[in-house]
Amino acid sequence: MSFKTFTIIRIFVIIIMAGLIGWAVTNGNALIPIPVVIAAMVILLLFRRGVKEIVVDERIYSIAEKASLIAFRIFGIAAAVTAATLIALGWDSSSDLYKIGLTLAYAVCGLILIYYIAYIYYNRKYSGKK
Amino acid sequence: MANASINNRIRRLRFDHGEMTQEELAQRVGCTRQTIIALEQGKYVPSIELAFKIARAFGVTLEDVFQYEE
């Protein structure tokens, strides 16, 4: 199977999945989207295995690394500033700003933690140390 | 380091090898055609592994394909 055929199949699967999720949400059924998403992922994975064409190589990975790093930096800074602002604004009030800010702050901390764990792992892996 | 560049003769070598297409070379070395295009335009510097694969695809040494200039 060519990558072009796979792309067409992927679009169809995503449209069907989005339609089913939309229908489920409209009818107030929160459980249907979970199996739908899992089924869509499995179907796409099976079709993806059938693609013999090379679609990902070292250049794509290199681009993905750069994009990930810049996304991490932008999101980290933007979310940290937003979290601090929300916490400051909701400090003395009974609004949800404080809670949202705190949740965002924890999310940023979690992201930074995952980054450093991954960094330590790869630093050790490629450092030559045993 | 700042003024260093890596040039290559991939385009020349492709034509010397029976006008090998970019797609053909990409399949031989296991990368995408877009990567070959980027290499020929000097927009991407390959890994050592890919550089060796390209050199082997043409049956030449690494230095015959890639030149490091300061």
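**Terms and their cut-offs**

Modeller: A:Ile8, A:Phe12, A:Ile16, A:Leu20 and A:Trp23 make a nonpolar surface patch of about 530 Å². This is a predicted model, in which local features need pLDDT of at least 70 and side-chain atom pairs count only at pLDDT 80 or more, while totals for chains, interfaces and linings use all residues. Residues are numbered from 1 along each chain as its sequence is written, chains are lettered from A and ligands numbered from 1 in the order in which they are written, and side-chain values use heavy atoms, with hydrogens and water left out.

Biologist: What makes a group of residues a patch?

Modeller: Patches consist of residues with over 30% relative accessible area and no salt bridge; like charges are joined within 9 Å, and nonpolar side chains (Val, Leu, Ile, Met, Phe, Trp, Tyr) within 5 Å. The areas come from the Shrake-Rupley method with a 1.4 Å probe, and for residues only the protein chains shown count as cover.

Biologist: Why is A:Leu20 called partly exposed?

Modeller: Buried means under 20% relative accessible area, exposed means over 50%, and partly exposed lies in between (1.4 Å probe, protein chains only). A:Leu20 has a relative accessible area of 37%, and is therefore partly exposed.

Biologist: How do you know that the span of α1(A) agrees with its number of residues?

Modeller: Helices are DSSP runs (H or I, at least four residues; strands are E, at least two), numbered from the N terminus. Helix α1 of chain A covers residues 3-26. The expected span of a helix is 1.5 Å times one less than its number of residues. For the 24 residues of α1(A) this should give 34 Å, and the end C-alpha atoms are 34 Å apart, so the two agree.

Biologist: Which residues of α1(A) are buried, and against what do they pack?

Modeller: The buried residues are A:Phe6, A:Ile9, A:Val13 and A:Ala24. They pack against α2 (33-49) of chain A.

Biologist: Why is B:Thr35 called buried?

Modeller: Its relative accessible area is 0%, so B:Thr35 is buried. The residue is found in helix α3 (residues 33-40) of chain B. Neighbours within four places in sequence aside, B:Thr35 is in contact (heavy atoms within 4.5 Å) with A:Asp57, A:Arg59, B:Tyr44 and B:Leu50.

Biologist: What makes the pair B:Thr35 and A:Arg59 a polar contact?

Modeller: A polar contact is a pair of N or O atoms within 3.5 Å; within protein, one must be able to donate a hydrogen and the other to accept it, and residues adjacent in sequence count only if both atoms are side-chain atoms. The side chains of B:Thr35 and A:Arg59 are joined by such a contact of 3.0 Å.

Biologist: What makes B:Glu40 and B:Arg11 a salt bridge?

Modeller: A salt bridge is a side-chain nitrogen of Lys or Arg within 4 Å of a carboxyl oxygen of Asp or Glu. For B:Glu40 and B:Arg11, the closest N and O atoms are 3.6 Å apart. B:Glu40 lies in helix α3 of chain B and B:Arg11 in helix α1 (residues 10-16) of that chain, so the pair ties together parts that are 29 residues apart in sequence. B:Glu40 is buried, because its relative accessible area is 15%, whereas B:Arg11, at 46%, is partly exposed.

Biologist: How many salt bridges are found over all chains?

Modeller: The search of the whole structure finds five. One of them joins B:Lys53 to B:Glu49, with the closest N and O atoms 3.6 Å apart.
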